[in-house]
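Here's a quick briefing to read with the model open beside you.

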Amino acid sequence: MSENGNHQKKRSLILAGGGVKVAFQAGVLQVWLDEAGLMFDHADGASGGVFNLAMYCQGMSGTEIADNWRKLSPVVGVDFNWEHYAKLFYAESLFTLDRYRKNVFPEWGLNWERIRASQKEATFNVYNFSKHELEVLMPEEMCEDYLAACVSLPMWFPPVVINGDTYIDPVFVIDANLEEAILRGADELWVIWTVSERGEWNDGFIANYFQIIETSANGHFKRIVQRIEENNAAISRGEPGEFGRYIELKILKAEVPLHYLINLSSDRLREAVNQGVQAARAWCVEQGIPLDSADGPKPEDPTKLRFTEEMKGYVTFGETDYDAGLRKGRESDTFIMFHLTIEVDGVSNFVADPEHEAFAEGYIKCEKLGGELPVEKGVFNLFVDKEDPSRKRMLYRLFFRDSDGHPLTLSGFKVVEDDPGFDLWADTTTLFTRILQGHVGPEEEVQAEVVASGIIQIHLLDFFRQLTTFQTEGPTPADRASALVRFGRLFLGDLWDVYARRVLSSSPF
């Protein structure tokens, strides 16, 4: 089956686990199911992926699945297992899934009768601890207890007893059941993988627990991928191969800036969903898959936030190296600075947008270019990461003209990553800067002519002054206060992802 109705291969959708990181997976489904119009003959879910699989089996569109995650407030699912805490090391679990059952499942609109009546071929994975067997369930067998059992991660949630047997999350055995899909005749496996492959070992009980999960999940996944590759190589040589036919793998992977379980921020969930949309669109373009539609209008957001930033430094004309540009520019006293007002139009949309894009207006001052020059158009991006949430950039792109009217672009970036020593201040206040010939967009920068290069910085007194310039707009005092809090939470949370990730891999706020 295919979106054109003439594709004879059997296509399987693999919704791998990843805790609440599967919010990213929901964004991918918005693109694959709705914008690309892809159809699947079979779908498989494991661990957190079963949430999206249940909605898919019920007949929800990709956008409906994604919107369910966008609208979710994580705190409504938090339920401490207080009565067992007195047992200390013999406690049943730290949390329960009772509020997921009471609040989240109904909020998502899960309807068990519709799921059991689904005509989609789908498989849910759960581990029967009593029999020490992986069980694969069809939609007609699903119920609230089984869905809860599929995500009942030991220690964090209690096991679920069904018909006298004890069930838990299957993640330690399998987090993406590719073999089941192959067994059911799939020729194409479309996998969405969100388990971290960063390979950074951190100390501490919580870090160790989830690193063990990453070990198990990635280890099993890579072994089955290797077996498929060996099978395909054998088929290419004219040999039967393990699976008897060529199996095509299509894998979309991402490092998602969410902790697997510990997250209290709805903004982070929304951002993860939107990152999934962004990544899936780029992936489809790379794969040559046409997309029929894009985003609709953003949710109405009347809040605004603005602040003023001033940075000063030196550049050297005719130089392309940033450090050399700073050194030579200081020697020749080629001073440059800018004074900008950064304005966020719609704080809620800003914090949920992976690009975190805002407008910038103000002026650039450089005597060699003709003095004080107004910024005609300015764009600022706060904490952008492309592949690794522990390495971020802040981007500046300012269009202006010199005193003779020649168009120029100031392109700058701050590199925010955890190098040895205390470098947070230097990272967030140092802008590697180039002046480019013409008004140059990001996609044109590689070919652009470099006029000057150097480094500019925020001085300490200017930073303190900047803190006094934050202003918000909104219909009510509560809206204005919320806008400031959400911006601050985004800023500090992204710094956490870089500098405090060894405490917890992603900020919970």
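Which residue's side chain meets that of Glu319 in a salt bridge? It's Lys328, at 2.9 Å from N to O. A salt bridge here is a side-chain nitrogen of Lys or Arg within 4 Å of a carboxyl oxygen of Asp or Glu. Keep in mind that this is a predicted model, where local features need pLDDT of at least 70 and side-chain atom pairs count only at pLDDT 80 or more, while totals for chains, interfaces and linings use all residues. Residues are numbered from 1 along each chain as its sequence is written, and side-chain values use heavy atoms, with hydrogens and water left out.

**Confidence**

- The average pLDDT for the chain is 94, and 98% of the residues score at least 70; pLDDT is the predictor's confidence in each residue, from 0 to 100.
- Residues 1-7 are the stretch to watch, with a pLDDT below 50. Beyond near neighbours in sequence, this stretch still has eleven contacts in the model, a contact being heavy atoms within 4.5 Å.

**Salt bridges**

- Searching the whole structure turns up 38 salt bridges.
- Back to the opening pair: Glu319 is buried at 14% relative accessible area, whereas Lys328 is partly exposed at 36%. Buried means under 20% relative accessible area, exposed over 50%, and partly exposed in between (1.4 Å probe, protein chains only).
- Arg306 has a salt bridge to Glu343, with the closest N and O atoms 3.1 Å apart. Arg306 sits in strand S9 (residues 304-317) and Glu343 in strand S10, so this pair ties together parts that are 37 residues apart in sequence. Helices (H or I, at least four residues) and strands (E, at least two) are DSSP runs, numbered from the N terminus.
- Arg306 also meets Glu473 in a salt bridge, at 2.8 Å from N to O. That pair links distant parts of the chain, with Arg306 in strand S9 and Glu473 in strand S18 (residues 471-473), 167 residues apart. Glu473 is partly exposed, at 33% relative accessible area.
- There's a network of salt bridges too, and it links Arg268, Asp385, Lys392, Asp494 and Asp497.

- Asp462 is part of helix H13 (residues 460-467) and is buried, with a relative accessible area of 7%. Its side chain makes a polar contact of 2.5 Å with the side chain of Arg465. A polar contact is a pair of N or O atoms within 3.5 Å; within protein, one must be able to donate a hydrogen and the other to accept it, and residues adjacent in sequence count only if both atoms are side-chain atoms.
- Leaving out residues up to four places away in sequence, Asp462 touches Glu310 and Lys312.
- Arg501 lies in the segment after helix H14 (477-499) and counts as buried at 7% relative accessibility. The side chains of Arg501 and Glu200 are joined by a polar contact of 2.7 Å.
- Not counting residues up to four places away in sequence, Arg501 touches several residues, including Arg198, Asn202, Ser390, Asp418 and Trp496.

**Aromatic rings**

- The structure has 38 aromatic pairs. Rings of Phe, Tyr and Trp (its six-membered ring) pair if their centres lie within 6.5 Å; planes under 30 degrees apart count as stacked, over 60 as edge-to-face and the rest as tilted.
- Trp425 and Phe463 are an edge-to-face pair, 5.2 Å centre to centre with 85 degrees between the planes. The pair links distant parts of the chain: Trp425 is in helix H12 (residues 424-429) and Phe463 in helix H13, 38 residues apart.
- Trp425 counts as partly exposed at 33% relative accessibility, and Phe463 is partly exposed at 25%.
- One aromatic cluster is formed by Phe80, Trp82, Tyr85, Phe95, Trp156, Phe172, Tyr209, Phe210 and Tyr260.

**Charges over rings**

- Arg11 lies over the face of Phe40, 5.9 Å from the ring centre. To count, NZ of Lys or CZ of Arg must be within 6 Å of the ring centre and within 35 degrees of the ring normal.
- Lys120 does likewise over Tyr56, at 4.5 Å from the ring centre.

**Positive phi values**

- Asp333 isn't a glycine, yet its phi is positive, near 55 degrees. Asp333 is in the loop between helix H10 (322-332) and strand S10 (335-345), and is exposed at 55% relative accessible area.
- Phe383 is another non-glycine with a positive phi, about 50 degrees. Phe383 is found in strand S13 (residues 377-384) and is buried, at 1% relative accessible area.
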